[in-house]
Amino acid sequence: QVHLVESGGGLVQAGGSLRLSCAASGRTFSTHTMAWFRQAPGKERDFVARIIWGGGTDYADSVKGRFTISRDNAERTMYLQMNSLKPEDTAIYYCAAGLPGGRNGAMYTYWGQGTQVTVSS
């Protein structure tokens, strides 16, 4: 069992930065693929980034070069550093954990409650 809690969301101007955190409980954290998804109002949930247990990463094209995903297995925490934020990045951001994990949300078993990110123009 893995319990996830996101934090770090907020309101920021376009071009600004935020860092999201996802704190996990559970002994199997280090073996799971961890990911960030986001859902804007009226839209489907979209993949943002993922990181496997060994540190390999994968990003959606829309955030590549601006966002960086990382994890600290000892602290059981995952991060998403978001730079050069745009109004279209506005969404609720969710962290997820699963095996094997991928870009499809259905591949993840555990989800956090979400944290709101709002980017003003």
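This is a predicted model: local features need pLDDT of at least 70, side-chain atom pairs count only at pLDDT 80 or more; totals for chains, interfaces and linings use all residues.

Me: Is Ser-21 buried or exposed, and how do you know?

Reply: Its relative accessible area is 17%. Buried means under 20%, so Ser-21 counts as buried.

Me: Which residues is Ser-21 in contact with, leaving aside its neighbours within four places in sequence?

Reply: Val-5, Glu-6, Ser-7, Trp-36, Thr-77, Met-78 and Tyr-79. To be called a contact, heavy atoms have to be within 4.5 Å.

Me: What makes Cys-22 and Cys-95 a disulfide?

Reply: The S to S distance for Cys-22 and Cys-95 is 2.1 Å. The cut-off is a pair of cysteine sulfur atoms within 2.5 Å, so the pair passes and is called a disulfide. By this rule the count comes to 1 disulfide. As for handedness, the link is right-handed, with 55 degrees about the S-S bond.

Me: Why say that this pair links distant parts of the chain?

Reply: Cys-22 sits in strand 3 (residues 18–25) and Cys-95 in strand 9 (residues 91–98), and the two cysteines are 73 residues apart.

Me: Are Cys-22 and Cys-95 buried or exposed?

Reply: Cys-22 has 0% relative accessibility, and Cys-95 has a relative accessible area of 0%. With buried set at under 20%, Cys-22 is therefore buried, and Cys-95 is buried too.

Me: How do you know that strand 3 pairs with strand 1 and with strand 8?

Reply: Pairing takes at least two bridges. Strand 1 (residues 3–7) and strand 3 are joined by 5 bridges and run antiparallel; Leu-4, for one, has Ala-24 as its bridge partner in strand 3. Between strand 3 and strand 8 (residues 77–82) there are 6 bridges, again antiparallel, and Ala-23 has Thr-77 as its partner in strand 8. Both pairs therefore meet the rule.

Me: What about strand 7 and strand 8?

Reply: They have 6 bridges and run antiparallel, so they pair under that rule as well. Arg-71 stands opposite Met-78 in strand 8.

Methods: Residues are numbered from 1 along each chain as its sequence is written. Side-chain values use heavy atoms; hydrogens and water are left out. Helices (H or I, at least four residues) and strands (E, at least two) are DSSP runs, numbered from the N terminus. Buried means under 20% relative accessible area, exposed over 50%, partly exposed in between (1.4 Å probe, protein chains only).
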